[in-house]
Amino acid sequence: MPDVKHFDPDAVLEQVVRLFWRRGAAATGIAEVVAETGISRSSLYATFGGKRELYLAALRGYVERHSRPVFDRLAADGRGLPAIAGFFAGLIAARCSGEHARWGCMVSNAHASLDGAADDDVRRILDAHHDGLRAAMRAALRDAGRRGQLRPGLDADGTAQTLALLAYGVNLRSRAGAPAAELTASVDAALASLTPDEENR
């Protein structure tokens, strides 16, 4: 096994992210982490701590590498509803095809596995992720409002929350095997409900 001084912790952490993302924390033991990374148990503990600390580091790493850049692009896009539609199109494509097909989202998977005894540190990471997603949706909705793309009287804060929850639903249903066409139809219906009626255009 490689000595702790002879491996790249960031590269190993990305391997661990992929393992927890694909299998979930509860189903993944340290023996599987050792087998996946090729790093000894003692080196993993010396670098990251135990399984709990390793999972927390992986969850934070997922948010920073996989979630945050997407949120930032959505918030800065400026096109309004087309930006939100593009966000969901990219989400469905990533969840239903390619390298990570049917893995879902590591954060959504963590939400689904929470129970009453869940770790407070995990909850804080999930809450921060949700706040970031909701804020990005809210920024895109502000752009949509300025462009006249939203029906009159729409509650932008409530809608941002609804769209964030819709993203979680896409993540979980895709992991369960829902086809991309089904997920796309649901998103299309949700976004169509935000637009002005013909008489108000």
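User: How many helices and how many strands does the secondary structure of the protein come to?

Analyst: In this predicted model, the protein has nine helices and zero strands. Read from the N terminus, the order of elements is α-α-α-α-α-α-α-α-α.

User: What box do the C-alpha atoms of the protein fill?

Analyst: Taken along the principal axes, the box is roughly 70 × 35 × 30 Å.

User: Which share of contacts in the protein comes from residues 24 or more positions apart?

Analyst: Among contacts with a separation of 6 or more, such pairs account for 74%.

User: Why does His129 count as buried?

Analyst: Buried means under 20% relative accessible area. His129 counts as buried because its relative accessibility is 3%. His129 lies in helix α7, which covers residues 120-146.

User: Which residues is His129 in contact with, leaving aside its neighbours within four places in sequence?

Analyst: His129 is in contact with Val63, Ser67, Phe71, Val107 and Tyr168.

User: How are the positive and negative charges of the protein placed?

Analyst: One way to read this is by mean positions. For the 25 positive and 25 negative charges, those mean positions are 2 Å apart.

User: Which residues does UniProt list for "DNA-binding region"?

Analyst: The unreviewed UniProt entry lists residues 29-48 under that name. In the model, the chain over residues 29-48 is 80% helix and 0% strand. The end C-alpha atoms of this stretch are 15 Å apart.

Technical notes: Residues are numbered from 1 along each chain as its sequence is written. This is a predicted model: local features need pLDDT of at least 70, side-chain atom pairs count only at pLDDT 80 or more; totals for chains, interfaces and linings use all residues. Side-chain values use heavy atoms; hydrogens and water are left out. Helices (H or I, at least four residues) and strands (E, at least two) are DSSP runs, numbered from the N terminus. Contact means heavy atoms within 4.5 Å. Lys and Arg count as positive and Asp and Glu as negative; His and the chain ends are not counted. The place of a charge is taken as NZ of Lys, CZ of Arg, CG of Asp or CD of Glu. UniProt positions are given in the numbering used here, feature names are shortened, and annotations may be inferred rather than shown by experiment. Buried means under 20% relative accessible area, exposed over 50%, partly exposed in between (1.4 Å probe, protein chains only).
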